[in-house]
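Please look over the sequence and the model below.

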Amino acid sequence: MPFEIVRNDIVNMQVDAVVNTANPKPIIGYGCDAGIHQKAGPMLLKARQEIGDIYVGDAAITPGFDLDAKYVIHAVGPVWQDGKHDEEKLLRRCYDRALQLALESKCESVAFPLISAGNHGFPKPLALQTAINAFSSFLLDHEMQIYLVVFGKDAFALSEKLFNSVSNYIDENYIQDKILDEYGIANKRDVREAELEQLQRAMERQSYLRRSAEEIEFSMSVATEDDEALDLDELLRQTDAGFSETLLKLIDRTGKKDSEIYKKANVDRKHFSKIRNNPNYKPTKTTALAFAVALELSLEETKDFIGRAGFALTHSSKFDIIVEYFISSGNYDMFEINETLYAFDQMQLGN
C-alpha cells in the first residue's frame, strides 16, 4: 500500500528510512528525537554533528546505524506560534524536503511521525492535513511506501466537523450487537439472513447478466461511439466478467491511465500488475472498495461492482458504513477516507 497510517513506535519500523523530528542544533532533543538516537546508538549523534545546524523547514540525511532503517532523515519542523508566521508553509516544506531526500537515496519505504504536532504545539488536524497533502502530491508522481506512524490515539486527530459528521452517520445506521441482545438471538439471525440475502441478490444479478462469448464478441463488433456514454449497468450487461475484467473495462470507460486509477486507489504498481494479468484475481474487500472509490462509482454502482468479487455493504459493519458515508456524500478523497477509517479503528482501503 503506498500510504498507510500505523500505530507503532517509529524506532521499530522496518523501512528504508525513518524521519526524525530533529532539533535545529546538532544535539539530542526530546520525544521522537531522543528515542531514535537511543536505538541508533552514539554514531548517529556524530553524523548529525557533522551536518551542523539545519534550518526550520529543511532536512538532512544520515545512516541509520543500529536502527532497522538504512537511513535517518532529520527534519526540523516549525514551532506553532499563532498561524501567522508561515508555520503551515514551513511544515509542508519539511515534508517535501524529507520525501525528496528519500527519493534521492532510492528508498522504497519511509516512515514519518506527525511532525510538529507534539511539543511544538502545531494543531493536530492541521498538522495531519499538511502531511496528507504532501504525501498525496508526492505519490502522484512517484512510487514509494509511506507510513504515517502515530504512537497513541492522542497523537492523531481528525477535524471535529468530519469526526462528528461520520459519528452521527454511524449512529444512525449501525446495528450494534448489544442492541440486538435486547431482542434475542432470533433478531440477530434476521440481520445475518438479510446480509446473506443481499449478497445472494448480487450473485443472482451477476448470473442474470451473463452472456456467451459469442454475444460479447458480436456486441463489441457493432460498437459505436455511443458506447463511451454507456452507464455501468449497460456495461455490465454486456459481459459475465469477474472483478479483474470488469475493473479494466471501467478504467477504460474513464479515459484515464491505469496509473491514475491505481494510485488513486492506494494500490502499488506491482499489485495492479497482478490484477491486470490474472482474470481470476480475487481481491480483498478493502482493495475492491478502493477501486470503487478511485473510479468514483455511485453507491449502487459500488454495490454491483464489489458484488462481482463476492462482497456486499451492510449496516452491521462500521467499516462499511464509513465507506458508504463518503461515497454517498460524493467524497472520493482516498486519504481522507483512510484517515477516518483509522480514527474509528477500522481497516484502511488499498492493498
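What follows starts with confidence and then turns to local detail.

This is a predicted model, in which local features need pLDDT of at least 70 and side-chain atom pairs count only at pLDDT 80 or more, while totals for chains, interfaces and linings use all residues. Residues are numbered from 1 along each chain as its sequence is written, and side-chain values use heavy atoms, with hydrogens and water left out.

The protein has a mean pLDDT (the predictor's confidence in each residue, from 0 to 100) of 84, with 79% of its residues at 70 or more. For residues 181-186 the pLDDT is below 50, and this stretch has one contact (heavy atoms within 4.5 Å) beyond near neighbours in sequence. Residues 208-225 also stay under 50, with 12 contacts beyond four places in sequence. Where pLDDT is low, the predicted coordinates should not be read in detail.

Helices (H or I, at least four residues) and strands (E, at least two) are DSSP runs, numbered from the N terminus. Helix 3, residues 87-104, has 18 residues and spans 26 Å from its first C-alpha to its last. Its buried residues (under 20% relative accessible area, 1.4 Å probe, protein chains only) include Leu90, Cys94, Tyr95 and Ala98. The buried residues of helix 3 pack against elements including strand 2 (17-21), strand 5 (109-112) and helix 4 (124-141). Just after helix 3, Lys106 has a positive phi of about 60 degrees.

Thr286 lies in helix 13, residues 285-294. Thr286 is buried, at a relative accessible area of 8%. Beyond four places in sequence, Thr286 touches Phe319, Met347, Gln348, Leu349, Gly350 and Asn351.

Terms used
The expected span of a helix is 1.5 Å times one less than its number of residues. Buried means under 20% relative accessible area, exposed over 50%, partly exposed in between (1.4 Å probe, protein chains only).
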